[in-house]
Amino acid sequence: MFKCIALLRRRQDLSREQFIDYYENHHSKLMAELLPNILDYRRNYINLDGALFFPKATELDFDVITELWFADRAAYDVFLAKANEPEIFQRMAADEENLFDRDYTRLFTVDETQT
């Protein structure tokens, strides 16, 4: 399996509840429709209740950690190519404008290990 993570910030005019509702009931469904080769698609909403930050830690500038799982690197590369097709890119970007502050979006792959 191959994993990609996105750190995403909600639009500031959306409450946490509105953000989660739109992401779960609209955006995640659109992603699944447009990019069906995602094997697993997890959204981890930041909850600061009980959080611990060390004195020099910076403030979080994202509201959700999104995990996208693919069969392998080749499947991820197909995902990227598909996501960059003009029609699909335009549909995703238009929907993201309803939800995210896209200036803060970060997407990267990770090497995950388990203990």
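In the predicted model, the side chains of Arg106 and Asp61 are joined by a polar contact of 2.7 Å. Arg106 belongs to strand S4, which spans residues 106–110. Apart from its neighbours within four places in sequence, Arg106 is in contact with Ile5, Ala6, Leu7, Asp61 and Phe62. Arg106 has a relative accessible area of 31% and is therefore partly exposed, since this value falls between the limits of 20% and 50%. Glu59 lies 47 residues from Arg106 along the chain, and the C-alpha atoms of the two are separated by 16 Å.

Twelve salt bridges are found in a search of the whole structure. One of them pairs the side chains of Arg10 and Asp63, at 3.5 Å from N to O. This pair links distant parts of the chain, 53 residues apart: Arg10 is in the loop between strand S1 (2–8) and helix H1 (16–34), and Asp63 is in the loop between strand S2 (40–45) and strand S3 (64–70). Both Arg10 and Asp63 are buried.

A salt bridge also connects the side chains of Glu24 and Arg43 (2.9 Å, N to O). Because Glu24 lies in helix H1 and Arg43 in strand S2, the pair ties together parts that are 19 residues apart in sequence. Glu24 is partly exposed, at 25% relative accessibility.

The side chains of Asp40 and Arg42 form a further salt bridge, with an N to O distance of 2.6 Å. Asp40 is partly exposed, with a relative accessible area of 24%, and Arg42 is likewise partly exposed, at 40%.

Technical notes: Residues numbered from 1 in each chain as written. Predicted model: local features only at pLDDT ≥ 70, side-chain atom pairs only at ≥ 80, totals over all residues. Heavy atoms only, no water. Helix = DSSP H or I, 4+ residues; strand = E, 2+ residues; numbered from the N terminus. Buried < 20%, exposed > 50% of the residue type's maximum accessible area, 1.4 Å probe, protein only. Contact = heavy atoms within 4.5 Å. Polar contact = N/O pair within 3.5 Å; in protein donor to acceptor, adjacent residues only side chain to side chain. Salt bridge = Lys/Arg side-chain N within 4 Å of Asp/Glu carboxyl O.
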